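Here's a quick briefing to read with the model open in your viewer.

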Amino acid sequence: MTTRSFPLWLGLGCLVPAVLHAQTLVNQSTFGVTGYAPQVCTLQPGRIQPGGLVNLRGLDGDTLQIEQLTDPQTLAVRATSATIDFAATCNYAHRLRVETQNNGLWPTDGAMGRNAPGFAYALPYNASISWAGRSTVLQADAKVRRLNQQILLVSTAATGQVELRLQMDAGASNTRANAPVLAGVYGDTLRIYVEPQ
């Protein structure tokens, strides 16, 4: 009986040093892996929300064209509105700035008819903007032709839709409610920025 167990014990004894020897030949090396994600904000081209246009032809590139600016009987401004979404992502704390170049719709064809009492020569509108659970309203009152802006501070990264709603009320005017509008081409440039705080 001892003769049968002895070779087994010898066999184990021979394997143990070989296993230990193999373990001593293993080398270990560690290294780090790093990467850098730059601070980036993106703002895609706008898309009109379904049913989001009143008295507008649509979005032609980056331009909204008003269908009929004035009422044909009174020559006062007709109500106009649009709701536009912009897909956006910003991977750090940032701010969203909405800016009107002229603070209202002003003549773009050089006509500045301030010498026509009782007529409107600039048209006010509001631009409401919502982003990342916050919102603000830019009131372009058309009292003075100037740059006007509103800012939303966002303290975290955000992704989703920036919603812009433009609205011009019926009868809006820089002189008096329901004033007839002087003949001419009227326009403004509205810009949206997503940028560092």
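A search of the whole structure turns up five salt bridges. Keep in mind that this is a predicted model.

- Glu-99 pairs with Arg-97, with 2.7 Å between the closest N and O atoms. Both Glu-99 and Arg-97 are buried.
- Arg-97 also forms a salt bridge with Glu-195, and here the closest N and O atoms are 2.9 Å apart. That pair links distant parts of the chain: Arg-97 sits in strand β6 and Glu-195 in strand β13, 98 residues apart. Glu-195 is buried, and so is Arg-97.
- Glu-99 has another partner in Arg-191, where the side chains meet at 3.9 Å, N to O. Glu-99 is in strand β6 and Arg-191 in strand β13, so this contact ties together parts that are 92 residues apart in sequence.
- Are the two ends of the Glu-99 and Arg-191 pair buried or partly exposed? Glu-99 counts as buried because its relative accessible area is 8%, under the 20% limit. Arg-191 counts as partly exposed because its relative accessibility is 33%, which falls between the 20% and 50% limits.

**The three-stranded sheet**

- Strands β10, β6 and β13 form an open sheet in the order β10-β6-β13, and the pairing is antiparallel.
- β10 and β13 are the edge strands, each pairing on one side only.
- From one strand to the next, the twist averages 15°.
- β6 and β13 run antiparallel to each other over six bridges.

**Nonpolar core**

- The largest nonpolar core has 36 residues, and Leu-96, Leu-123, Ile-129 and Trp-131 are the ones with the most contacts inside it.
- Elements giving two or more residues to this core are β5 (80–90), β6 (94–100), β8 (125–131), β9 (134–140), β10 (148–154), β11 (158–168) and β13 (190–195).
- Which element gives the most to this core? That's β11, with five residues.
- Setting aside neighbours within four places in sequence, its contacts are Ile-129, Trp-131, Gln-150, Ile-151, Leu-152, Val-162, Ile-192, Tyr-193 and Val-194.
- As general background, nonpolar side chains tend to be buried together in soluble globular proteins.

**Disulfide**

- The disulfide count comes to one.
- Cys-41 and Cys-90 make up the pair, with their sulfur atoms 1.7 Å apart.
- This pair links distant parts of the chain: Cys-41 is in strand β1 (residues 41–43) and Cys-90 is in strand β5, 49 residues apart.
- Cys-90 is buried, with a relative accessible area of 1%.

Terms used
Residues are numbered from 1 along each chain as its sequence is written. This is a predicted model: local features need pLDDT of at least 70, side-chain atom pairs count only at pLDDT 80 or more; totals for chains, interfaces and linings use all residues. Side-chain values use heavy atoms; hydrogens and water are left out. A nonpolar core is a set of buried Ala, Val, Leu, Ile, Met, Phe, Trp, Tyr and Cys residues joined through side-chain atoms within 4.5 Å. Buried means under 20% relative accessible area, exposed over 50%, partly exposed in between (1.4 Å probe, protein chains only). Helices (H or I, at least four residues) and strands (E, at least two) are DSSP runs, numbered from the N terminus. Contact means heavy atoms within 4.5 Å. A disulfide is a pair of cysteine sulfur atoms within 2.5 Å. Two strands pair if DSSP finds at least two bridges between them. Axes are lines fitted to C-alpha atoms, for helices over the stretch in contact, and angles run from 0 to 180 degrees between N-to-C directions. A salt bridge is a side-chain nitrogen of Lys or Arg within 4 Å of a carboxyl oxygen of Asp or Glu.
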